[in-house]
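This briefing is for a reader new to the structure shown below.

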Amino acid sequence: MTATIPVGVTVNGRDHEFAEPPTLREVLERLGLPCRGVAVAVDGAVFPRSRWDERVGRGWEIEVLTAVQGG
């Protein structure tokens, strides 16, 4: 019998654990974050939308950024 080790990631400065590694898109959905009109950075680098269906890695630091209008 093998034990599953939870996957811990940080999203917008808050720690989260998942029993199985979700995709980045699943992380956003589970945390109630928008999937449209946002940019995502992982460990300080832009993470393109074309890669959002990849599984997140243990210890990733994810930032979800929204555009703000103003001047």
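Glu54 and Arg51 form a salt bridge, with their closest N and O atoms 2.9 Å apart. A salt bridge here is a side-chain nitrogen of Lys or Arg within 4 Å of a carboxyl oxygen of Asp or Glu. This is a predicted model, in which local features need pLDDT of at least 70, side-chain atom pairs count only at pLDDT 80 or more, and totals for chains, interfaces and linings use all residues. Residues are numbered from 1 along each chain as its sequence is written, and side-chain values use heavy atoms, with hydrogens and water left out.

**Salt bridges**

- The salt-bridge rule gives a count of three.
- Glu54 is partly exposed at a relative accessible area of 33%, and Arg51 is partly exposed at 35%. Buried means under 20% relative accessible area, exposed means over 50%, and partly exposed lies in between (1.4 Å probe, protein chains only).
- Arg25 forms a salt bridge with Asp53, with the closest N and O atoms 2.9 Å apart. This pair links distant parts of the chain, since Arg25 is in helix 1 (residues 24-30) and Asp53 is in the loop between strand 4 (45-46) and strand 5 (61-66), 28 residues apart.
- Helices (H or I, at least four residues) and strands (E, at least two) are DSSP runs, numbered from the N terminus.
- Arg25 has a relative accessible area of 25% and is partly exposed, whereas Asp53, at 52%, counts as exposed.
- Arg55 and Glu26 meet through their side chains in a salt bridge of 3.3 Å, N to O. Arg55 lies in the loop between strand 4 and strand 5 and Glu26 in helix 1, so the pair ties together parts 29 residues apart in sequence.
- Glu26 counts as partly exposed, at 26% relative accessibility.

**Nonpolar core**

- The largest nonpolar core has 17 residues, of which Val9, Val40, Trp52, Val56 and Ile62 touch the most other members. Such a core is a set of buried Ala, Val, Leu, Ile, Met, Phe, Trp, Tyr and Cys residues joined through side-chain atoms within 4.5 Å.
- Two or more residues of this core come from each of strand 1 (7-11), helix 1, strand 3 (38-42) and strand 5.
- Beyond residues up to four places away in sequence, Ile62 touches a set that includes Val9, Leu24, Val40 and Val56. Contact means heavy atoms within 4.5 Å.

- Thr10 is found in strand 1 and is buried, with a relative accessible area of 18%.
- The side chains of Thr10 and Asp15 are joined by a polar contact of 2.8 Å. A polar contact is a pair of N or O atoms within 3.5 Å; within protein, one must be able to donate a hydrogen and the other to accept it, and residues adjacent in sequence count only if both atoms are side-chain atoms.
- Leaving aside neighbours within four places in sequence, Thr10 is in contact with Asp15, Trp60, Glu61 and Ile62.
- The charged end of Arg49 sits over the ring of Trp52, 4.3 Å from its centre. The rule asks for NZ of Lys or CZ of Arg within 6 Å of the ring centre and within 35 degrees of the ring normal.

**Overall layout**

- Of its 71 residues, 31% count as buried.
- The C-alpha atoms fill a box of roughly 60 × 25 × 20 Å, taken along the principal axes.
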